[in-house]
Amino acid sequence: MNPLFALVILAVVAGLAVLVAWPDRGWLWRWRIGWRVLHRTRTEDALKHLFDCEYQGRQATHQSLVGVLRLGGRRSTELLARMERLGLIVSAEGGFRLTAEGRSEALRVIRIHRLWERYLADETGLEPERWHPEAERREHRTSPQQAEELSVRLGHPPFDPHGDPIPTREGDMPPRAGRPLTDFAAGDEVDVVHVEDEPATIYAQLVAEGVHPGMKLRVTSVAAERIRFEADLDEVVLAPIIAANIFAVPAAEEASDETSVAADATGSLSDVAVGEQALVVGFSRFCRGMERRRLLDLGLLPGTLVETKMASPSGDPVAYRVRGAVIALRRSQAEQIHVQQFQQEARA
């Protein structure tokens, strides 16, 4: 063989070996890393599904896992067997249940997911329909330390933008509150506490109607074909299958024993002078989406007592005391908040 040709062949073989096996950059290395990431992603998604079933009092089964992960029967069986070997799940009558270690891992992933949803809702202009899939993408790449840094940045929020509780770092999480809107009768007034974000098509319709946690609704009629309710002076009509994704509790009392509404006069929060108090009664119909959610997260729920503390030299922004904290609002934001003037009554 020609020595030069042999040298060329050797160089090509060496180059291919480098491309395939070079640590951190070779094709084989990347394939192995990608395979591990895929396994971890599927395992974490399975843990979330199993915990969600447990949280809602349902039995997680092989069939339910196949539907959620969209895996074939053989691959899902292999995944479940692997999770059993790792001590994350155990077989139960008719399905599977989490071990203590599996529950801890599930809560870790759920915490990261909901923190990212909270971040995407509060800190970005991303459309609500994209919060869930984007959080799904990020949750598998976020370490516990990064999750804690994100929580600190967000002020340790207790709920995600859909009303789901965010597990604490220690793994504590309260039970979900509320019942489906379909459980209520005509005439009931309710507060929305949770809006289910799956399936995406139903969630998109609820977003289009402006439905969100913290909203006050009044059910006007319930029928087999449709449910009607009033929200912010608008009437909304939904099919029961869609309304069932709205979870609510009976409306809370709006005033305490120490205060009373001074008169029927209403206006916007921007009209409340420094030193005066007002009761939040609602929002402008034009205050929707992220802007409304941000105000609700600041504690400006209907029935909340607000005091104007001080104005900046230019008069914009203005500081308000809300639930023991002082927040600053732009005039354009305060104008969207409907209030009734409040006065403290001396008690005998």
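**Entry 1. Salt bridges**

I began with the charged side chains and found Asp45, Lys48, Glu136 and Glu139 linked in a network of salt bridges. The model I am reading is a predicted one. My count of salt bridges came to 18. I then looked at some of them one by one.

Arg74 bridges to Glu78, with the closest N and O atoms 2.9 Å apart. I checked where they sit: both are in helix α4 (residues 73-85), four residues apart, which puts about one helical turn between them. Arg74 has 57% relative accessibility, so I noted this residue as exposed. Glu78 has a relative accessible area of 43% and is partly exposed.

Next I took Glu105 and Arg108, whose side chains meet in a salt bridge at 3.1 Å, N to O. Both belong to helix α5, three residues apart, about one turn of the helix. Glu105 is partly exposed at 29% relative accessibility. Arg108 is partly exposed as well, at 22%.

Then I looked up Glu148 and Arg169, which form a salt bridge at 3.8 Å, N to O. This pair links distant parts of the chain, 21 residues apart: Glu148 is in helix α7 (residues 144-154), and Arg169 is in the loop between α7 and β3. Is Glu148 buried or exposed? I found Glu148 buried, at 18% relative accessibility, because the cut-off for buried is under 20%. Arg169, at 60%, counts as exposed.

**Entry 2. Glu117**

Glu117 lies in helix α5 (residues 100-123). Glu117 is buried and has no salt bridge. Which side chain of opposite charge is nearest to Glu117? I found Arg114, 5.7 Å away.

What does the side chain of Glu117 make a polar contact with? I traced this contact to the side chain of His132, at 3.4 Å. I also listed the contacts of Glu117, leaving aside neighbours within four places in sequence. They are Trp131, His132, Ala135, Asp160, Pro161, His162 and Asp197.

**Entry 3. Aromatic pairs**

I counted two aromatic pairs. In one of them, the rings of Phe51 and Tyr55 have centres 5.8 Å apart and planes at 20°, so I logged the pair as stacked. Phe51 and Tyr55 are four residues apart in helix α2 (residues 27-55), about one helical turn. Phe51 is buried, with a relative accessible area of 7%. Tyr55 is partly exposed, at 22%.

Trp116 and Tyr119 form an edge-to-face pair, 5.5 Å centre to centre with 85° between the planes. I placed both in helix α5, three residues apart, again about one helical turn. Both Trp116 and Tyr119 are buried.

**Entry 4. The sheet**

Last, I followed the strands. Six of them make an open sheet with antiparallel pairing, in the order β3-β8-β4-β5-β6-β7. Which strands stand at the edges? I found β3 (179-180) and β7 (234-238) there. Each has a single partner strand, so one side of each is left without a neighbour in the sheet.

Strand β6 (residues 227-231) pairs with β7 in the antiparallel sense, over five bridges. For Arg228, I noted Val237 in β7 as the bridge partner.

Note on methods
Residues are numbered from 1 along each chain as its sequence is written. This is a predicted model: local features need pLDDT of at least 70, side-chain atom pairs count only at pLDDT 80 or more; totals for chains, interfaces and linings use all residues. Side-chain values use heavy atoms; hydrogens and water are left out. Helices (H or I, at least four residues) and strands (E, at least two) are DSSP runs, numbered from the N terminus. Buried means under 20% relative accessible area, exposed over 50%, partly exposed in between (1.4 Å probe, protein chains only). Lys and Arg count as positive and Asp and Glu as negative; His and the chain ends are not counted. A salt bridge is a side-chain nitrogen of Lys or Arg within 4 Å of a carboxyl oxygen of Asp or Glu. A polar contact is a pair of N or O atoms within 3.5 Å; within protein, one must be able to donate a hydrogen and the other to accept it, and residues adjacent in sequence count only if both atoms are side-chain atoms. Contact means heavy atoms within 4.5 Å. Two strands pair if DSSP finds at least two bridges between them. Rings of Phe, Tyr and Trp (its six-membered ring) pair if their centres lie within 6.5 Å; planes under 30 degrees apart count as stacked, over 60 as edge-to-face and the rest as tilted.
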